[in-house]
Amino acid sequence: MPDSTSALHLVLTADPSLVAIVKLSLAVSLTAVMVAAVIGLPLGALIALTRFRGREFVIVVLNALMGLPPVVVGLIVYLALSRTGPLGSWGWLFTAKAMVIAQALLVIPILAALTRQTIEDLWVEYRDEFAAMNVGPLARIRALLWDARFSLTTALLAGFGRAAAEVGAIIIVGGNIEGFTRTMTTAIALETSKGNLPLALGLGIVLIAILIIVSAAAWFARRAGERLAG
Amino acid sequence: MHVFNPLIRLGCALAVATLLATATGCGADQDRSIVVASTTSTQDSGFFDYLLPLVKERTGITVKVVAQGTGQALDTGRRGDADVVFVHAKAAELAFVAEGQSTKRYPVMYNDFVLVGPADDPAHIAGQRNVLQAFRAIQEHEATFISRGDRSGTNIAELALWLNAGVDIEQKKGSWYKSIGQGMGPALNTASASDAYTLSDRATWIHFANKGPLRILVQGDTRLFNQYGVMLVNPEEHPNVKKELGQAVIDYLVSPSGQIDIAGYRIDGQQLFFPNANDPNA
Amino acid sequence: MASDLPICLSKVSVHVKHHVLLHGINLDLTSGPPTVLVGPNGSGKTTLLRVAMGLLTPTNGHVTWNGQEIAKPVGRAFMFQRPVMLRRTVHANICYALGAAGVPRPKRDGLASELLASVGLEGLADRPARHLSGGERQRLSLARALAKDPTVLFLDEPTASLDPAATQSIEQLLLAASERGVKVVMSTHDLHEARRLAGDVVLLHRGTIIEAAPASKFFTEPSTELARRFLAGDLLL
């Protein structure tokens, strides 16, 4: 990325390195949220609907993990994916895949904890109807997750926000390699350390604008959904 | 979910597929590429932005630089997570070879360090020819000094200068000596914000856009020269190392055309790196 | 499918934290005309319905469905006083109930339309269920219950908050179902409705059965003092 131009200029001219960075940031964070959703949503629903020993303890830990420190996750993933680590043969270190894993790990507790709370509240309402309709356990989870979809959208946005804002983990496992693993946040960190503060700030504003766009897209999707099916 | 009409479904599926493809980094470059562990000060100087396209042009190899502190970069090589290590700490590099982590160290180029500080210069070292005297003066005045404190080549050079100046920095450091554990850029940011002295490599300094009150106060002493060396990580220790591609990049760096390219990197007309692959003492 | 009838409650009592909701309940529900539970609020009508449905396990006593101690609610359906609408269209709500009842997917659309027509909601098939009025929700809930093709249909105050027109349409549906052979078991606090629909009347007061008799006898010659006072319009305390 050229140093001496302003972020506005880069945006207006659709500078290719900026475009590449934005695409990568969105790809990594959205993929991470999708992976985290596939794991976290059913997990949260399962905890909400089943009774087992130590359940309260699990919930407490899950809520606490929402604040999992990104650098710690980054370090753990780094050690796991390093050639000398257990998953070294995958060769995923310093690639976008490693960044997706690290961010997914950070987002899973958020999605699971928020889903658990939402589903538990909904279950109180739905319990009798499902019992009367003789709905099986798997069908219950699916129906509750679908009916809770608007609240869960907010949870997904929270997860996306966490992923998109993250820099500590992905700089460790991704290596901030230009053209391959450099995202908005790691680029901002780099420009800051080079003293290009105006450029870094400009990139920061671009990132916030992107977050607003994603949030708006989710809002419109929800409105459309409500009109279609309440 | 049957309210979603098939078109929306198809659109979502395509979007997901594109996302996954981007995120998993599918690309033809994956094969002719190597990972080079280098230092943040080299990256911050803009050197790689200049050099990597030239490497690609001359050798067809895509170089992916992971920039860390020198100590971390060598550790990355020890773990086999990089194919080539390119740092500037000769003693640490020779130790790396002695451990068997590499079979040969190639000198490549040098740049120099400069001692920068606030324009009002409380330790009165401006223009001093002897960097060791300058360091002594800073300690005696207890003028604020920012140390990188991160096992980087720059940090190692700084500690060597204290040692050679006869200052036992472990004993003498007080609140005037701030060890921040970060790279050259953050160190300069901190020095600029606190009117402090710090040791910087010239390339990062010239490239640095937030100088504030800082100026170069001491330069040119041969003790401030900063030698770079490049090493291929030993493929016998780490079979995954791309040894042909790695060696090809090293061969380019020390070749006449590579050395000319290195000398060609300039900022504001100033040459930053001085090739010396042929110097037996480098 | 095998019927759940007769449903026999024997010496059933339900305690919740020192609160006695039901005690000493002996009741047999057999096929035939509707059984209507009456009694003041808090007398245990809802609790009794839920025990008979199998939603609530009694603290003491037994419930058997056609002789079985445990029977999944395959052949019985329940219409709740405040039904929960799934967050999807009216049509989709019925399809969901049909799916839960084991109807294969290709058949669901057609059956759903039939059920909606039978409760008069066919024009609202694509409306989000949560946008329905109170009366429409009750009808949808009834359609959902009927989707199971049940042999026993429990209803908890099905017309409590409905206007006369909606009340009439629900009552007609229930009579039609009863004529088809569905056993209707419902509670109401409207004695007139009980007169219109019952079959058999069961009067509950403070968690116990005061009197159970065919409607013809209950309304003309009640055998207990409490029943007489209740029919006369007294508040039973």
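In this predicted model, helix 9 of chain A, spanning residues 184–193, and helix 10 of chain A, spanning residues 197–229, have axes that come within 8 Å of each other and cross at roughly 165 degrees. Because angles over 145 degrees count as roughly antiparallel, helix 9 of chain A and helix 10 of chain A are roughly antiparallel to each other. The crossing in which helix 9 of chain A passes helix 10 of chain A is left-handed. On the side of helix 9 of chain A, the contact is formed by Met184(A), Ala187(A), Ile188(A), Glu191(A) and Thr192(A), while helix 10 of chain A contributes Leu197(A), Leu199(A), Ala200(A), Leu203(A), Gly204(A) and Leu207(A). Of the residues that make this contact between helix 9 and helix 10 of chain A, eight are nonpolar, two are polar and one is charged.

In chain B, the division is into domain 1, which comprises residues 28–111 together with 227–275, and domain 2, which comprises residues 112–224. The C-alpha centres of domain 1 and domain 2 of chain B are 26 Å apart, and the contact between these domains draws on 20 residues from domain 1 of chain B and 16 residues from domain 2 of chain B. On the side of domain 1 of chain B that touches domain 2 of chain B, at least two residues each are supplied by helix 2 (40–44) and helix 4 (70–78) of chain B, and the largest share, three residues, comes from helix 2 of chain B. By residue class, this side of domain 1 of chain B consists of seven nonpolar, 11 polar and two charged residues.

How values were computed
Residues numbered from 1 in each chain as written. Chains lettered and ligands numbered in written order. Predicted model: local features only at pLDDT ≥ 70, side-chain atom pairs only at ≥ 80, totals over all residues. Axes fitted to C-alpha atoms, helices over the stretch in contact; angles between N-to-C directions. Helix = DSSP H or I, 4+ residues; strand = E, 2+ residues; numbered from the N terminus. Parallel < 35°, antiparallel > 145°, perpendicular 65-115°, else oblique. Left-handed = near helix turned anticlockwise from the far one by under 90°. Contact = placed C-beta atoms within 7 Å. Nonpolar A, V, L, I, M, F, W, Y, C, P; charged D, E, K, R; others polar. Domains from an automatic or database assignment.
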